[in-house]
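Hi everyone, thanks for coming. I'd like to walk you through one structure today, so please have a look at it while I talk.

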Amino acid sequence: MTRISISAALGVIIAGLAATGASAQATLTSIKQKGVLTCGSNRGAPGFGAPDAQGNWTGLDVDLCRAIAAAIFDDPAKVQFVPLSAQDRFTALRSGQVDVLARNSTATMSRDTQLGLEFPAINYFDGQGFMVRKTLGLASAKELNGKSVCTDQGTTTELNLADYFRANGLTYKPVSFANATEAKAAYEAGRCDAMTTDISGLYAVRLTLSNPDDHVILPEVISKEPLGPAVRQGDNQWADIVRWTFNAMLDAEELGVTKANVEQMKVSANPEIKRLLGTEGKFGEAIGLTNDWAVRIIRHVGNYGESFERNVGEGSPLKIKRGQNALWTKGGLQYGLPVR
């Protein structure tokens with residue numbers, strides 16, 4: 001190869017690397033320029049993402065978005081929540097309408113490989129179940145043979161429902177709706193015998209029914225539903241920011257760093273705490289943030305356990321037990337990656 005050809009080839013490679021670097025910082029740069037994080041949210045899922053009468057958003061997914069905003073701006077209020085349906089959530093993310101989707105979305109292979117999405121973290125391990133009226137006298141989902149089931153279209157819920165009945169040699173009458181709100185209204189009106197969605201969603205729906213105590217959630221869990229935030233593929237830095245925001249919340253809980261004591265913990269001699277809180281190393285700078293990025297998250301939002309407890313746990317109206325979402329040190333699946 002001639003010297004001119006080599007130079008030309010190197011020029012192409014360098015240009016390609018520069019373009020890749022620019023692309024890798026596109027989302028964070030855009031957010032800083034806008035001065036706000038745009039977060040795709042549920043239209044109303046108590047405990048996970050819902051506005052109150054004054055338009056104030058709360059929930060486990062909402063807290064994650066606020067934590068990301070805190071890491072970037074040191075201000076959890078710099079978030080614009082965009083309510084999205086199950087049908088339009090991924091299109092909104094791919095088109096750039098939102099920066100991150102935090103809307104009880106299941107990480108699946110097809111969404112990863114065919115939709116061009118990436119799920120940097122799983123902030124809630126869930127599974128699909130069924131809710132019925134107590135008056136039906138059912139004790140198991142296998143007693144739903146021949147019954148009608150309300151569900152929402154365009155979700156893994158609809159597919160899991162068909163798989164479960166086929167695998168168990170049962171028949172059912174699907175009653176599908178454009179969204180979970182319509183499915184809930186139909187169930188409450190008696191248009192179907194059962195309602196199916198993620199179990200966390202069933203807890204939330206039951207809470208909003210006229211007489212919650214008249215309904216029971218059956219014991220079967222018919223699927224794996226790892227729920228987490230989604231981002232567009234091709235922006236590694238942005239995926240890292242979302243990933244490490246959540247891991248910081250998990251690590252903080254495991255290390256005993258809370259919203260109340262984070263400032264005092266800055267003087268801790270524990271090397272894990274020092275790295276997490278930025279008093280040792282430059283881990284924040286490595287992902288385009290300040291080195292006190294985790295302090296900002298914990299100061300404003302708290303650790304994962306605090307967020308879980310106030311939004312969906314025993315201290316909330318939903319009263320969901322930690323279960324699979326307990327830390328790995330307490331028999332759960334939540335395992336914070338080490339900052340080092």
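This is a predicted model: local features need pLDDT of at least 70, side-chain atom pairs count only at pLDDT 80 or more; totals for chains, interfaces and linings use all residues.

**Rings, strands and charges**

Together with Phe48, Tyr124, Phe246 and Tyr304, Phe308 forms one aromatic cluster. And there is another arginine to show you in this kind of position: Arg133 lies over the face of Tyr187, 4.4 Å from the centre of the ring.

Now, how many aromatic pairs does the structure hold? The count is 10 aromatic pairs. A quick reminder on how to read them: a pair of aromatic rings is described by the distance of the centres and the angle of the planes.

Take Phe130 and Phe165. Their ring centres are 6.3 Å apart and their planes stand at 85 degrees, which makes the pair edge-to-face, because the angle is over 60 degrees. If you look for them in the fold, Phe130 is in strand 8, residues 128-133, and Phe165 is in helix 6, residues 156-167. So this pair ties together parts that are 35 residues apart in sequence.

From Phe165 we can move on to Tyr172. Phe165 and Tyr172 form a tilted aromatic pair, with 4.5 Å from centre to centre and 35 degrees between the planes. Tyr172 has a relative accessibility of 23%, so Tyr172 counts as partly exposed.

Let's turn to a sheet. Strands of a sheet pair through backbone hydrogen bonds, either parallel or antiparallel. Here, 3 strands make an open sheet with parallel pairing, in the order 4-1-5. Which strands stand at the edges? They are strand 4, residues 79-83, and strand 5, residues 100-101. Each has a single partner strand, so one side of each is left without a neighbour in the sheet. Strand 1, residues 37-41, pairs with strand 4 in the parallel sense over 5 bridges. If you want a place to start tracing that pairing, Leu37 has Val79 in strand 4 as its bridge partner.

On to the charges. Side chains of opposite charge can pair when their charged atoms come close. A search of the whole structure finds 12 salt bridges, and I'd like to show you some of them.

One is between Asp88 and Arg43, with the closest N and O atoms 4.0 Å apart. This pair links distant parts of the chain: Asp88 is in the loop between strand 4 and helix 4 (89-94), while Arg43 is in the loop between strand 1 and strand 2 (50-51), and they are 45 residues apart. Asp88 is partly exposed at 28% relative accessible area, and Arg43 is partly exposed at 48%.

Another salt bridge joins Arg299 and Asp74, at 3.0 Å from N to O. Where do these two sit in the chain? Arg299 belongs to helix 12, residues 293-300, and Asp74 to the loop between helix 3 (60-73) and strand 4, so to speak 225 residues apart. Arg299 is partly exposed at 26%, and Asp74 is partly exposed at 30%. Both belong to a network of salt bridges that links Asp74, Glu263, Lys266 and Arg299.

Arg243 counts as buried at 18% relative accessibility, because the cut-off for buried is under 20%. Asp240, at 27%, counts as partly exposed.

Let me finish at the surface. Trp328, Tyr335 and Leu337 form a nonpolar patch there, with about 310 Å² of accessible area together. Tyr335 lies in the segment after helix 13 (304-311), and Tyr335 is partly exposed, with a relative accessible area of 48%.

Conventions: Residues are numbered from 1 along each chain as its sequence is written. Side-chain values use heavy atoms; hydrogens and water are left out. Patches are made of residues with over 30% relative accessible area and no salt bridge: like charges are joined within 9 Å, nonpolar side chains (Val, Leu, Ile, Met, Phe, Trp, Tyr) within 5 Å. Accessible areas come from the Shrake-Rupley method with a 1.4 Å probe; for residues, only the protein chains shown count as cover. A salt bridge is a side-chain nitrogen of Lys or Arg within 4 Å of a carboxyl oxygen of Asp or Glu. Helices (H or I, at least four residues) and strands (E, at least two) are DSSP runs, numbered from the N terminus. Buried means under 20% relative accessible area, exposed over 50%, partly exposed in between (1.4 Å probe, protein chains only). Rings of Phe, Tyr and Trp (its six-membered ring) pair if their centres lie within 6.5 Å; planes under 30 degrees apart count as stacked, over 60 as edge-to-face and the rest as tilted. A charge sits over a ring if NZ of Lys or CZ of Arg is within 6 Å of the ring centre and within 35 degrees of the ring normal. Two strands pair if DSSP finds at least two bridges between them.
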